Amino acid sequence: MSDGHGPGADRPAGAVGADWDGWADWDDLVAAALLGTDRRRPPVPARRGQDAAGALLDAAAVSTVARRAGLRPAPAGPFPEPAPADPRPGLPTAARRRLALLLADRGAPGQSSPRAAPDLTELLPQWLAIADGHGYRAPDALLPALLDAARARTDLRPEALAFAGPRARWLARLNPEWKFALRGGPGRAAGSVLPDPASPEEVRRLWQEGLFAERVSVLAVVRHQDPAAGLALLAGTWATERAEDRLMFLDSLRDDLSPADEPFLEQALSDRSRNVRSTAAELLSALPGSALARRMAERMRARVRLELPRGGDGPRIAVDAPAECDSGMERDGVVANPPAGRGERSWWLGQMVEATPLECWTEWFGGRDAAAVVALPVADGWQPDLHAAWCRAAVRQRNTEWSRALLGAPTVPLTTPPASGEAALAAASPAASWRDPAKLLAALPPEERAAWVAEFIAAHGLSDAFRLLGVCAVPWAEPLGRSVVDALDIARDAGSYPWSFSGVMGLAERCLDPAQADRLEVLTALPDESADSSPGAVGYWSEAFQRLVGTLRLRATMRYELDGLAETPDAGPTGPTAPTAPERQRAVPGPEGWEGAEDER
């Protein structure tokens, strides 16, 4: 060390030391390392028997020590604020262990489990949904793993952040990898404690000062309690909001939409943002009594009409598509430029029909109900475009009668190949695939939805049923569950490979009623392989059904644990939602299986 005198007294902190006559600047060392000692001579001499590269590395090592020794300790930063309290009750002990297993399985790369073992990562969303329904608080020790899981899977975030509670946001401020918890999204804010809508001052403070996710959540809560107060909250800051925020706030009005929102939405039709204008028009068209809906109806009344052709044929629908898109149509949400491959007139017509109240067609077509209107022939090949627009209108306006009429009978195939001529030309149109049963089913009551899909599967099998099953309420109501099990049994007997039905099998694991497990047990047996079956298919089917049965029983055990019944095994009834001791033992086979049996003991 220098005492303040001598040749090294005025060297900077980056000096190499007394091994060299002069000192080596750190930037010169870095430059020589980047360019290479062949192209740039190091600023230090080499010792006897040492090459230039070795001298450079020695100088860098000495200089690094000198630089570190010359650093002064930085002042200590302030401690973070204490984590906010979470008053919700804690998890039952068995449920806490189950969550730890689910999160540990997600974070174990490179580990493979038996093909017959349940996929624990796919059970995590359902576990979180049940836990949120109970109002439990996430264990503090598992919050980092829970946030990591939500970071890796965006579909987990709403439930995971709601379960994580206010401490998720506190942790997210300390780790940039979890900043998504601060952004949040529509619905409940990530880990926020929302104010009481009856406290206007607290609501106003959070609306003006809160994070975006908190503001969206405050608006949703206030709107649900008092729609007029929620709308007034949004209107007060509307002019100062960013375009992307205005779009999100406007979309949050959808669930509690009412005619009282019409004046505000009419003003939004003149917004600077095209997306905001389009969303406002969509919301207004969902209000059949709105001025926009009446304007669209007036435009459509003369363009889609009922006519009686000559020659004694029955009535049919005649269509006169618009020849231009005027400024009034654009202000009402009609997009002027069609997508690639779509004609302008059919594009404009579809948007206008979609925004027309469905009740108008009954009035204009002689009092016919929805089924009778849909059954009418359409002239000049306009049927695909017209029916596609009616489908979108039924979904947007949540009209059960029209959705039922457009769905038709479940015994009719989703796609019927055209014969020839005009039908073939119509099938070539982008609107030929007008029938979207999955969206139409969403407008029906859950029981009717499940019955329709069950009958569809009984008639056509599982090939086209994946999207239809995805819109059915969970767990699948009967007879839907039986139809799916029967169809899987038929596919197995036909000798098909099970991975052809992997999508449906995955849905069945998550959506079948756990009570179906005992009925499926017989399908786990390994039958003799027939001569016409695919090689190895029998074994794969057995493993697939073993996995399905194991998953269903594990789901039953999960609910049992979250209900707190695992803490007192003798409490509560037995049955599908409260598995008996043997069922719990089968669901958790032991250390050699997919999880440790010690969690159940």
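Residues are numbered from 1 along each chain as its sequence is written, and side-chain values use heavy atoms, with hydrogens and water left out. Because the model is predicted, local features need pLDDT of at least 70 and side-chain atom pairs count only at pLDDT 80 or more, whereas totals for chains, interfaces and linings use all residues.

A salt bridge was assigned where a side-chain nitrogen of Lys or Arg lies within 4 Å of a carboxyl oxygen of Asp or Glu. By this rule the count comes to 35 salt bridges. One of these pairs the side chains of Arg215 and Glu241, with an N to O distance of 2.5 Å. Helices are DSSP runs (H or I, at least four residues) numbered from the N terminus, and strands are runs of E of at least two residues. Arg215 belongs to helix H10 (residues 212–225), while Glu241 is placed in the loop between helix H11 (227–237) and helix H12 (243–251), so the pair ties together parts that are 26 residues apart in sequence. Accessibility was classed by relative accessible area (buried, under 20%; exposed, over 50%; partly exposed, in between; 1.4 Å probe, protein chains only). Arg215 is buried at 11% relative accessibility, and Glu241 is likewise buried, at 8%.

Arg492 takes part in two salt bridges, one with Asp489 at 3.3 Å between the closest N and O atoms and one with Asp493 at 3.6 Å. Asp489 and Arg492 are both in helix H26 (residues 480–493), three residues apart, or about one turn of the helix. Asp489 is partly exposed, with a relative accessible area of 24%; Arg492 is buried at 18%, and Asp493 is exposed at 55%. Elsewhere, salt bridges with shared partners join Glu266, Arg295, Arg299, Arg331 and Asp332 into one network.

Backbone geometry was examined next. Val474 and Pro475 are joined by a cis peptide bond with omega of about -5°, and Pro475 occurs in the loop between helix H25 (466–470) and H26. A cis peptide bond also joins Glu478 and Pro479, with omega of about 15°; Pro479 is placed in the loop between H25 and H26.

Positive phi angles occur at two residues that are not glycine: Asp380, at about 60°, and Arg398, at about 55°. Asp380 is situated in the loop between helix H19 (370–375) and helix H20 (383–396) and is exposed, with a relative accessible area of 66%. Arg398 lies in the loop between H20 and helix H21 (400–407), and this residue is exposed at 54% relative accessibility.
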